[in-house]
Amino acid sequence: MDTRTQLAEPSPPDPAPPAAPDEPQAVRETLEDYTLRFAPRSYRRWTPMVVATTALGGIAYMADFSIGAGIAMAHGTGNALVAITVAAAIIFITGFPLAYYAARYNIDLDLITRGSGFGYYGSVLTGVIFASFTVIFFALEGAIMAQGLKLGFGLPLWLGYAVSTLMVIPLVIYGMKALSKLQVWTTPIWLLLMVGPLVYLVATDPGTVDSFLAYAGTDGEGSLNTASVLLGAGVCLSLIAQIGEQIDYLRFMPPKTEANRRSWWTAMVMAGPGWVVLGAIKQAIGVFLAVYVLSEVGPAAATEPIQQFRGAFDAMMPSWLVVPLAVVLVVISQIKINVTNAYSGSLAWTNSFTRVTKHYPGRMIFVLVNLAFALILMEADMFSFLNSILGFYSNCAIAWVVTVATDIGVNKYLLKLSPHAPEFRRGMLYAVNPVGVTAFTAASGLSIAMYFHAFGDTVQPYSPVAAVVIAFVLTPVMAVVTRGRYYLRRSDDGIPVPLLDAGGNPSAVTYDCHVCRQTFERPDLAACPAHDAVVCSLCLSTDKAGDHVLPAAPPVPLSGT
């Protein structure tokens, strides 16, 4: 998911050079923060810790509180906490190689996916999954905000859904730079409002901790069992695609050198897979607050963050301040994340559409498409069957992320059948690589069938485990079967300067694209077969006739270096 916000720093880099009046719309819209393409070194002027801090500032969403509470209401605190821990471990392990590749080679998750087993068009599948992620979580956050507006202002939910959707449009059009300032100014307030009630309740009433740990769930069982843990973990694993948002910040990391080695690795881990640590803590807080307000509001409302924080604030401050503060917290969180979701979703749809049609229709069309889908989900009351939606969706997301992570960790580094440096340019990749596409399709298809009881009730809770195992096993098996021959359509892009510099970082040598006449760094370009010139990756994507696309060349055995 593409956040693509301007990173917060006192002295931001100079903007991209102005576009020529007749250059393609795709180029004009993607130069400011290099959406849909490689992020050049000339733009990446932030320190590793600035990147990490900004990336973690975007994890302000309220969905974690609902997810944790929903699992606890169904299965009890013990099962919920184990499920949260299991899911967090899987998300961290699979997120690590993806985050490393984004930070090291400065490309987003879609570009990584193309060269990690899916092929140039094969990754359109995962692009749609990514866009769906933004729709689902926009709808979830919008529903939470509508609940807050209903409590604070008496707005009916249907109207609150519309308000939470429409208010995002002007921010998405004009506010991406403003969003970074919004993140910086609101994060301290958000942290105080989130952590303050928890600290107060634990300090003043230790009995709340005992009630929290003893809660057995609505069915009264509560004892630890594998089925309950796996069902809960499946819901939490729907967030596995969040690594895409983190990667959209990590792609702006500076080159890794001996001088910044320690801070580079620390920032990469913190802002990459490390996001799940904060996410798991928020889910556990959601369980705690849900149990705390359960007797007052009932199990259905206890999963609503507005009710959780209203109950917590009520214990520590005057009654006239309780609802306003709860509403402020929910609204701040919704704005912080949903502008990002709307922007990210529009880019994910645009990326897939542009590759398939070779036409760039303008990002705003897909902003409206994304918001329309989200509003439909909200009006259909998705919040009432949240766990079912997330449990189903998680199978697709798990299959995708595990396939890409396995291709990087096993096929690239152990088997050396996948090219070590990621490739994403049209002409360099096969249209479809059976390695990732087969592993993903089998893992998601079989796990979804399990989820919907196709193989019986006994194995239904194991659908997320099936998605992990099938993707992990089939990815290297398919690489061995195909001998890695479908990764690269050709190994030479026609430019004599090496793709990577002596330090293993993407080369900063620049060339002018002969189609759009803009200057780009070496990794974003390939030679043009029809002219003595080079073409940027996005102009290659929109080349309808294929005049600028290099022809296929005989495969060369991969060395893995």
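The legends below describe close-up views of a predicted model of one protein chain.

Residues are numbered from 1 along each chain as its sequence is written. In this predicted model, local features need pLDDT of at least 70 and side-chain atom pairs count only at pLDDT 80 or more, while totals for chains, interfaces and linings use all residues, and side-chain values use heavy atoms, with hydrogens and water left out.

**Figure 1. Overview of the protein chain.** The protein chain has 21 helices and four strands; these are DSSP runs numbered from the N terminus, helices being H or I with at least four residues and strands E with at least two. Of its 561 residues, 59% count as buried (buried, under 20% relative accessible area; exposed, over 50%; partly exposed, in between; 1.4 Å probe, protein chains only). The accessible surface comes to about 20300 Å², and 68% of this belongs to carbon and sulfur atoms (Shrake-Rupley method with a 1.4 Å probe; for residues, only the protein chains shown count as cover). Among contacts between residues at least 6 apart in sequence, 80% join residues at least 24 apart, where contact means heavy atoms within 4.5 Å.

**Figure 2. Packing of helix H4 against helix H14.** Two packed helices are described by the angle between their axes and the distance between the axes. The axes of H4 and H14 (residues 275–301) come within 9 Å and cross at roughly 165° (axes are lines fitted to C-alpha atoms, for helices over the stretch in contact; angles run from 0 to 180 degrees between N-to-C directions). H4 is therefore roughly antiparallel to H14 (under 35 degrees, roughly parallel; over 145, roughly antiparallel; 65 to 115, roughly perpendicular; the rest, oblique). The crossing of H4 and H14 is right-handed (near helix turned clockwise from the far one by less than a right angle; left-handed if anticlockwise). H4 contributes Thr77, Ala80, Leu81, Ile84, Ala88, Ile91 and Phe92 to the contact, and H14 contributes Trp275, Val276, Ala280, Gln283, Ala284, Val287 and Val291. By class, these residues are 12 nonpolar, two polar and no charged (Ala, Val, Leu, Ile, Met, Phe, Trp, Tyr, Cys and Pro count as nonpolar; Asp, Glu, Lys and Arg as charged; the others, Gly among them, as polar).

Figure 3. Thr77 lies in H4, which spans residues 77–105. Its relative accessible area is 1%, so Thr77 is buried. Apart from neighbours within four places in sequence, Thr77 is in contact with Phe212, Leu213, Tyr215, Val287 and Val291. Val287 and Val291 are also among the H14 residues that meet H4.

**Figure 4. Packing of helix H19 against helix H20.** The axes of H19 (residues 434–451) and H20 (residues 463–482) come within 8 Å and cross at roughly 155°. The two helices are therefore roughly antiparallel to each other, and their crossing is right-handed. On the H19 side, the contact residues include Pro434, Val435, Ala439, Leu446 and Tyr451. Those of H20 include Ser463, Ile470, Leu474, Met478 and Thr482. The contact of H19 with H20 has 15 nonpolar, five polar and no charged residues.

**Figure 5. Packing of helix H3 against helix H11.** H3 (residues 63–75) and H11 (residues 226–236) pack at an angle of about 160°, with their axes 10 Å apart. This makes H3 roughly antiparallel to H11. H3 and H11 cross in a right-handed sense. Ile67, Ile71 and His75 of H3 meet Ser228, Leu231, Gly232, Val235 and Cys236 of H11. The contact residues of this pair divide into five nonpolar, three polar and no charged.

Figure 6. Asn106, a residue other than glycine, has a positive phi near 60°. Asn106 is in the loop between H4 and H5 (109–118) and counts as buried at 1% relative accessibility. Arg517, also not a glycine, has a positive phi of about 65°. Arg517 is in the loop between strand E1 (510–512) and strand E2 (519–521). With a relative accessible area of 48%, Arg517 is partly exposed.

Figure 7. Thr54, in helix H2 (residues 48–56), counts as buried at 15% relative accessibility. The C-alpha atoms of Thr54 and Leu250 are separated by 9.7 Å, with the two residues 196 apart along the chain. Ile332 is in helix H16 (residues 319–357) and counts as buried at 15% relative accessibility. Ile332 and Met145 are 187 residues apart in sequence and 9.2 Å apart in space, C-alpha to C-alpha.
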